[in-house]
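Here is a short tour to follow with the model open beside you. Please take a look at the structure, and then we can go through it piece by piece.

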Amino acid sequence: MDTSRRGWLIAALLALLLAGCAAPPAMVERFIEREPGELLARAEQQAPDEAARSRLEAADILARRGDATQALDVASRLDDRRLPPEARVRWALLLSSLGIQLDDPNGVLQAAQALDEDLPFDREQRLTLRQRQGQALADLGEHAAAAEALLEVQAETDDAGLNDTLWSLLVRLDEPTLASLGDDSLRRGWRELVAVQRGSGGDIERLFERLDAWRGRHGGHPAARSLPGDLIALRDLRGREVSHLAVLLPESGPLANLAREIRRGLEVRQREAEQQGIRVPRLSFLDSSRGDLDALYAAATMAGAQAVIGPLDKDRVTRLEGRDSVPLPTLALNYGNNAENRAANLFQYGLSAEDEARQVARRAHGDGHRRAAMLFPGNEWGQRVARAFEREWQALGGELAQRVGYNPNAPATDAARRAAAGRPDMLFLLAIPGYARQVPPNLEFIGVDDLPIYGTSQLYEGRPQPRLDHDLNGVLFVEIPWLIPDAAVGGEAVLPFRDSYQRLRESDDPGLLKLGAMGVDAFELGRRLPQLQVLGSTEIQGATGTLRPAADGRIQRELPWARFEGGVPQLPLFNRFDDGRTR
């Protein structure tokens, strides 16, 4: 290139640079990213519409710079109604993305409310936001609403990548809820697949025989092209089903009466399952009040048992969970006292009030409450259950406004007043019925009549008593499905293990029915021990709740919710695609 030509190019570039320097400030600002702090400070002085735009820009810049936490805080606090329609779409996608990134489902649900308005989402943006909404609802335990959102996405996209998530949600729903999701070919196929799994009753050979027939009817279904991973994993368990269970229960001593009712539940469920054509294991009962643990395991092995149910005694379970392993796969009927179970092949199941307390904490936090008061018996049991609520609540980021341990033999007047003193936005109530019925009237007397109250199953006697329980109106609580059939699943006809329920309820004693239900679920868990060992995502819709193993083998129960209305437990209402808050 000659010198004159090079000089001409340099001159031209200088002219362009000089022209750029003389460009209007607004044009330059388009290419210069402003500081988020400056934008946020400016927003404080701006009119509402302009302030909302400034805050959105600041949140967007923060997110691009990697400061997701502050970006989420800014985006969730700005008044999106002040944004123009296109900016609201951008805000919803930004906030939902940040919520997913930071595990903040409430932020995602806040953003997803934009889907209910006439905003210019294109198809991909709408489906992205709907899928994020489904994920957030699933994280909050709102299985039906989450499934509804994700089914809407799959209906439009035919995306088999959603199969595993959808399956994990749908298997947790009862029959009426599944039916309410719709009856097009996609939803009908999923509903029938759940029925195939449930109808197999844990019999793996029977399950795969029925799966082949289902695929023949639904060849074009996403799940026919790609079975959920949990179903595929069951193929490896063919031929490993449990055919003989040893049951370690005491025939004498302080636990003998409890053991008798649990045994009745085990035997009733075994008989009913066999009558339904399900291959069931034989049961051999060994008296755990005689002999030490090693002798009992030796006797079980000599009898030909492949797995064990029991023991029931808490101290014995504590000793077992301190071992490295147990001689046979075991479902203990209580929880040990150690921080965690370290024994390989040991699972633990029981009617734990601590599980219920943790579930209450999750529900209340999901409902948007952040300052909890606790009202619990001041004895050792009450302290233990209260600690379970407290740890779960604080792990979720909630604050404790008040912690009140009360004397169960004293009136609730002073304890209720102290619980309300910290200005909480919810009350965790751990109490038996006689004490629980005193709390709402005492709160009302001091002018605190709008404080949401959440309780465990202990506050319900197990049978409708509208005249006694009318003071509990509005109180939310958890209970096993068998004791609240209408609220739990829509009636006795669709209860889990309904035939066993009808046999066991003849005693007309809710306490005995609860123990019988525990026996039913212990039978179902015991014969699925190989499945629990291989497939940690195993879940059973049981008589005592939805049952699933934790990482350390302790079975966690999730119970259905009820609310007292007219003194009778009723189903709490939830809005479609809402944030899970009870209405």
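Where is the place of Pro311? Pro311 sits in the loop between strand S3 (307-309) and helix H18 (314-321); helices (H or I, at least four residues) and strands (E, at least two) are DSSP runs numbered from the N terminus.

## About the model

This is a predicted model, in which local features need pLDDT of at least 70 and side-chain atom pairs count only at pLDDT 80 or more, while totals for chains, interfaces and linings use all residues. Residues are numbered from 1 along each chain as its sequence is written, and side-chain values use heavy atoms, with hydrogens and water left out.

## Backbone features

Let us stay with Pro311 for a moment. Gly310 and Pro311 are joined by a cis peptide bond, with omega about 0°. Most peptide bonds are trans, and most residues other than glycine have a negative phi.

Asn345, in strand S5 (residues 344-348), is not a glycine and yet has a positive phi, near 70°. Asn345 is partly exposed, with a relative accessible area of 34% (buried is under 20%, exposed over 50%, and partly exposed in between, using a 1.4 Å probe and protein chains only). Arg423 also has a positive phi, about 55°, without being a glycine. Arg423 belongs to the loop between helix H21 (413-420) and strand S8 (426-429), and is exposed, at 73% relative accessible area.

## Two cavities

Searching the whole structure gives 2 cavities of 30 Å³ or more. Here a cavity is a set of points, on a 1 Å grid over the protein atoms alone, where a 1.4 Å probe fits but cannot get out, and lining residues have an atom within 4 Å of a point. Grid points are joined across faces, edges and corners, and a volume is the space filled by probe spheres set on the points. The largest cavity has a volume of about 40 Å³. Its lining consists of Leu151, Leu170, Leu178, Leu181, Arg187, Trp190 and Arg191, and helix H12 (residues 185-199) provides the largest share, 3 residues. By class, that lining has 5 nonpolar, no polar and 2 charged residues (Ala, Val, Leu, Ile, Met, Phe, Trp, Tyr, Cys and Pro count as nonpolar, Asp, Glu, Lys and Arg as charged, and the others, Gly among them, as polar).

The second largest cavity holds about 30 Å³ of space. Among the residues lining the second largest cavity are Gly99, Ile100, Pro105, Val108 and Gln135. Helices H6 (85-101), H7 (105-112) and H8 (123-139) each supply at least two lining residues, with the largest share, 3 residues, from H8. This lining has 4 nonpolar, 2 polar and 3 charged residues.

## How H6 meets H8

H6 and H8 pack at an angle of about 35°, with axes 10 Å apart; axes are lines fitted to C-alpha atoms, for helices over the stretch in contact, and angles run from 0 to 180 degrees between N-to-C directions. From H6, Val89, Ala92, Leu93, Ser96, Ser97 and Ile100 meet Gln125, Leu129, Arg132 and Gln135 of H8, contact meaning heavy atoms within 4.5 Å. The residues of this contact divide into 5 nonpolar, 4 polar and 1 charged.

## Asp158 and its surroundings

Asp158 is found in the loop between helix H9 (143-157) and helix H10 (163-170). Asp158 is partly exposed, at 39% relative accessible area. Leaving aside residues up to four places away in sequence, Asp158 touches Pro222 and Arg225. The C-alpha atoms of Asp158 and Gly422 are separated by 51 Å, the two residues being 264 apart along the chain.

Definitions and conventions
1 Å grid on protein atoms, 1.4 Å probe; cavity = no way out; pocket = protein on both sides within 12 Å on 5 of 7 lines; lining within 4 Å.
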